[in-house]
Amino acid sequence: MGQYWKFVNIDKRQVLAHESGLKLLEMLADRALEPLVGLLRRPQWVPYIAPSYAIQSSKQKSLESPVIALPQEVIEHIVSLLVEDERAGGPDLICLSLTCSYFFRLLGSRVQTLLAEDEAPWAGDRLIFVGDYANGIPEGVLNEAERRQLLGKAHEEVENDAPGPRVVTDEPNPLYYSIEQKFAEKGAVFEWRNDPDEVELSGSLLSHVQKRIGSTPECKKDINLIPGFLQNMPTDASGNPRKKAVLLRNLTTKEFVLDDTIAQGSLKYSLGEVLGTFTVWTEDGSGTESLQIPGRWAGHRFDIGCLEDVAGEGWKNVSDEAAQNLQDGELYDYGVGRRAWE
């Protein structure tokens, strides 16, 4: 049958949803990893900053709001509870920001952060492209609590032919078999492999808020404040969206791959395939002979940003190496890959 593969988010215990076959080269050739571009790409919105005088002025103008009429200590308590758990209380925080201009200005930057995280829900998480023949997990990927939870009877072992110690288990690899929840990019459609109602999508936070507050013209007008103020893209002198050099960052090793370099190759792969070929992990190399095994980036943390994000010291450009690794995959019928700036 050959080896089957899953692209796994270790932090969120989620699997990348797709309609492709399950073998490595099938997933690469069928562009099953392209949704990673959307799941990792941090939006480059203009930061929302409301000056303190504007916040105080808007409070005076919002005194008719029943929420503003509450004692100040009650207001502060409500806001602090929502801010302390922004992820769980995200829709509540957004709803509160839409009650009046005071809360919109007060919470605007936090709401913008929540929306950015919702657009790129896998940014900064540990990712691995794991085969079902794998019986080990790269050393250092799991913390002690995760090892106890996922591995059970696993033990550590040092092998002479391995690059370093790794966690080994006689049981089926938990990163392949124990993580079943599927996650997909906004707008993805699944007709046969996955039930659409069971697939989580990125960029869905505002739709949850819309369902909560209703769809009357007044509610829609409130919702439209968010893209108008919190999701503005930087523009050039002519008012056109500014194009930036986009790249995949390995936050663990401080290496990056430029999307422009991948786009200029003879086969137009995406940064999703770059990530896949660098994070493959298995002890059995069947079906992966042309790629790097074990994955040098398996279990590391990633995002997709722009050139300004690697302006500091310590970053290394490995774009040419990534392009060569894709070329070695010999997927000659691949076609045109999705660009990260689109």
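User: Buried means under 20% relative accessible area, exposed over 50% and partly exposed in between (1.4 Å probe, protein chains only). What is the relative accessibility of Y102?
Analyst: This is a predicted model, where local features need pLDDT of at least 70, side-chain atom pairs count only at pLDDT 80 or more, and totals for chains, interfaces and linings use all residues. Residues are numbered from 1 along each chain as its sequence is written, and side-chain values use heavy atoms, without hydrogens and water. F103 is buried, with a relative accessible area of 1%. Y102 also counts as buried, at 5%.

User: Which residues of helix 4 are exposed?
Analyst: Helices are DSSP runs of H or I, at least four residues, and strands runs of E, at least two, numbered from the N terminus. The buried residues of helix 4 are I75, V79 and L82. They share one side of the helix, because they cover an arc of only 65° around the axis, taken from the directions from the helix axis to the C-beta atoms. On the other side, the exposed residues are E73 and E84.

User: Which helices do the buried residues of helix 4 pack against?
Analyst: Contact means heavy atoms within 4.5 Å. On that criterion, the partners are helix 5 (90-97) and helix 6 (101-119).

User: How are the rings of F7 and W122 arranged?
Analyst: Rings of Phe, Tyr and Trp (its six-membered ring) pair if their centres lie within 6.5 Å; planes under 30 degrees apart are stacked, over 60 edge-to-face, the rest tilted. The structure holds 9 such pairs. For F7 and W122, the centres are 6.5 Å apart and the planes at 15°, so the pair is stacked.
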